[in-house]
Amino acid sequence: MALSSDLAAVFSLIQQQQALEERKEERNQELALQLLSMDVAQESRLKEVELQGTISEYYDLKKEREEVYSTLQKEYPKLQEKFLTDNFHTVKNTFEGVAEGDMSNLKSNMDQLVQDITGLESLERELTGQRSYYKGQEQAIAGLTRLVDPGEFETFVEEYEEKFPGAPTAGLYAEYEAGKVNAYQRGEAKEKMQSTSKAFAQSNWTSMRTLAADENFEEYLNEATENEVLQKSFTQMIGYENYPDFIKYINADQTGKIKDLFYDLFPTQMGALEGHVQSVDALESEFLGREKETHVDNITNEFLSSIADVKAIGGSNKEAFILYDEYQALLTNEADKKAMFADMEKQLEKGDLYEGKEGYKEHLDKTSKFDPKLPARVSLKEPVLESYVATDDKTQAEQIYEALDDLSYYDERVSEEGLSGREVMIAPISALMADSRLFEEREEWTPGKAMFGGVGSLDVGFDSPYYDAFYDEIGNLYSNLISEEDPFGPDIFYSGMPEEHQIPNLIRERYGDAVYESVYKLADEAGRNAQIKEIETVLKKRSGEDYWDLIRALDAIKE
């Protein structure tokens, strides 16, 4: 019984020990499970943090690319879309597989964003380089006005594209737009330079007219051509005051013979004049650029429409020519003007409208201010009379006399040929016998007073109408002085002879300056009236050397 009881106790102890071991193992397993759970939770949290950071980095990269993209679009509006998209893959399916722990798509798209940003930044540097390139080439691109016109820029871009095929050009456009001058400013610059060219052209034309006014020029013309028709055409053309009318004339002549004649006579001036005319057209072409053809077409079409109206009502050639003169002045290129003339001929269905009765040449001849009845040298300068228009209180002759009488301003400009001399020879015998001077200065000599005096006043006369009347008036008032000063002989023989020129000085010596001033006023008025009357006669006659001398003097003092 006792043994059985001991065994039971031992068995019970063993069971208890086993139970303790089992509970310990359970606790160890529980602890291990707890530790495992803790490890799993920590790894999950780390993965979550990593995922969140990766996603945040993705959005930062995406934002950065969008900012660079937007900057390029804003600064380079001419940048083609293909340079912003075609070189970059579309970012898509970014979060596919992330829920299952697969972040390969996310990381791949992030890599693509980095490449995109690098590519866009490289593009930005390229465009910045283009801006610098354009800036360096700008003055070479700029034409006559030193301002880059749209046509010049477009040509530059085309050349750039040929040199760098496939490259963007937005940087060129951006720099051009940044310094672009508006159309008004470019127009002002063009007109300023055109006016300079026009002034030079007019100067050359004036020089040609001056040479043609030389007394010996007719000899040169005869040597250049014996063709009387060409000579007549030349004299008609040289009668134009302004070069555009001359250019219109020579360009309408389809034979080119008139232009050749002018080149034979004035090679230097003609070359310069046509060069300035071409400069005006070059400036216009530069300003209009690729729009010039449309500009010319619009003017031509408007002109032809007007011609159609003239034709519809049975209008004359003259009406058509007047319209042509008006519209051709809007064009600067001579070829365009000739084309317009040819279009007019087709529209009117009248064949060659240049030559023949009521032709364009006849129309141009009538508008010339050349007078075939006058010598060429006079006719060329005759328009100067237009500067002296009669007013309510002064005639044209009075205006002319007063202009020539302004000694202080004009005496150095007017040739003294055909004028009374500044000094007059007094009677040589009387001067020698009286031990007096041989010459006496004129009283208040001016071109106005001396005009029409011939070669000067000698013993036998040649005073101008002014000085004739001036000395006659003083002689009538103080003829006794001549008698008193005569060294010998009857008074009737010497009275009225050149001794009269000495009277002004004798009056001053005997009666003083105050008396002479009052006498001078009367004599000057008589002389003035006589001179004005003579000017009126000469103007009415419109011929002779006196008329030429007057025209030449007026031409010399014109401003």
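1. In helix α5, the buried residues are Ala170, Gly171, Leu172, Tyr173, Ala174, Glu175 and Tyr176, where buried means under 20% relative accessible area, exposed over 50%, and partly exposed in between (1.4 Å probe, protein chains only). This helix, residues 170-178, is thus mostly covered, with seven of its nine residues buried. Helices (H or I, at least four residues) and strands (E, at least two) are DSSP runs, numbered from the N terminus.

2. Some remarks on the basis of these notes. This is a predicted model, in which local features need pLDDT of at least 70 and side-chain atom pairs count only at pLDDT 80 or more, whereas totals for chains, interfaces and linings use all residues. Residues are numbered from 1 along each chain as its sequence is written, and side-chain values use heavy atoms, with hydrogens and water left out.

3. On the overall fold, the protein has 26 helices and four strands, and buried residues make up 41% of its 559 residues. Of the contacts (heavy atoms within 4.5 Å) with a separation of 6 or more, 70% are between residues 24 or more positions apart.

4. Glu443 deserves a look, being placed in the loop between β3 (439-441) and α20 (447-450) and buried, with a relative accessible area of 7%. Leaving aside neighbours within four places in sequence, Glu443 is in contact with Lys449, Tyr467, Phe470, Tyr471, Pro504, Arg508 and Tyr516.

5. The axes of α24 (residues 503-511) and α25 (residues 513-541) come within 7 Å and cross at roughly 140°; axes are lines fitted to C-alpha atoms, for helices over the stretch in contact, and angles run from 0 to 180 degrees between N-to-C directions. Pro504, Ile507, Arg508 and Tyr511 of α24 meet Asp513, Val515, Tyr516 and Val519 of α25. These residues divide into six nonpolar, no polar and two charged, with Ala, Val, Leu, Ile, Met, Phe, Trp, Tyr, Cys and Pro counted as nonpolar, Asp, Glu, Lys and Arg as charged, and the others, Gly among them, as polar.

6. Glu286 lies in helix α11 and counts as buried at 12% relative accessibility. Not counting residues up to four places away in sequence, Glu286 touches Gly143, Leu144, Thr145, Asp149 and Glu152.

7. Finally, Arg413 is found in the loop between α18 (407-410) and β1 (418-419) and, at 35% relative accessibility, counts as partly exposed. Apart from neighbours within four places in sequence, Arg413 is in contact with Ala556, Ile557 and Lys558. The C-alpha atoms of Arg413 and Lys558 are separated by 9.6 Å, although these residues are 145 apart along the chain.
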